[in-house]
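Open your viewer and get ready to click along. This tour tells you what to select next and what you will find there.

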Amino acid sequence: MLLDPETHDRAVALVSHAPHLVASLVAARLLGGDESAVRLAGQDLRDVTRTADANPERWARILTANAGPVADQLDDWAAEAQAMARELRDAARSGDTDGPVRLRETLRFGVAGRARIREPHTPSS
């Protein structure tokens with residue numbers, strides 16, 4: 001796939017570099033968790049944090065070399081996470097057990113976004 005450098009940097013920030021850093025953030029949070037909580041970890045958490053088990057020095061260089069686009073992705077995710085936290089707190093206060101509209105929408109978008117990822121070695125349409 002041929003891409004100009006700027007498009008490439010934005011693309012890898014979206015599909016590789018920022019997700020790697022987010023996986024590391026999730027995994028790092030486990031260090032502060034009680035042992036009983038960590039023992040509850042299942043396959044979902046192992047899947048989400050799999051890429052965090054990589055060479056930290058190498059990834060620090062990769063992330064720093066692509067700092068702007070990675071930071072842009074993190075800013076977007078942080079804004080979405082903060083909005084989701086507000087909605088969850090509002091739902092808890094109001095007794096909403098169905099979940100806020102945005103939460104359900106985000107979960108649906110997650111399913112749709114995941115479906116866009118092709119299996120390895122699958123030719124594009």
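The model is predicted, so to speak of local features a pLDDT of at least 70 is needed, side-chain atom pairs count only at pLDDT 80 or more, and totals for chains, interfaces and linings use all residues. Residues are numbered from 1 along each chain as its sequence is written, and side-chain values use heavy atoms, with hydrogens and water left out.

**Stop 1.** Select residues 4-106, which an unreviewed UniProt entry annotates as "domain: Prephenate dehydrogenase dimerization" (such annotations may be inferred rather than shown by experiment). This stretch is 78% helix and 0% strand, where helices (H or I, at least four residues) and strands (E, at least two) are DSSP runs numbered from the N terminus.

**Stop 2.** Now select Leu 14, Pro 19, Val 22, Trp 77 and Ile 117, the closest to the centre of the largest pocket among its 35 lining residues. A pocket is an open set of points on a 1 Å grid where a 1.4 Å probe fits, with protein on both sides within 12 Å along at least five of seven lines; lining residues have an atom within 4 Å of a point. About 2,000 Å³ of space lies here, a volume being the space filled by probe spheres set on the points. Colour helix 1 (5-29) next: it gives the largest share of the lining, 10 residues.

**Stop 3.** Finally, select Met 1, Leu 3, His 8, Ala 11, Val 12, Val 15 and Arg 118, which line the second largest pocket. Its space is about 190 Å³.
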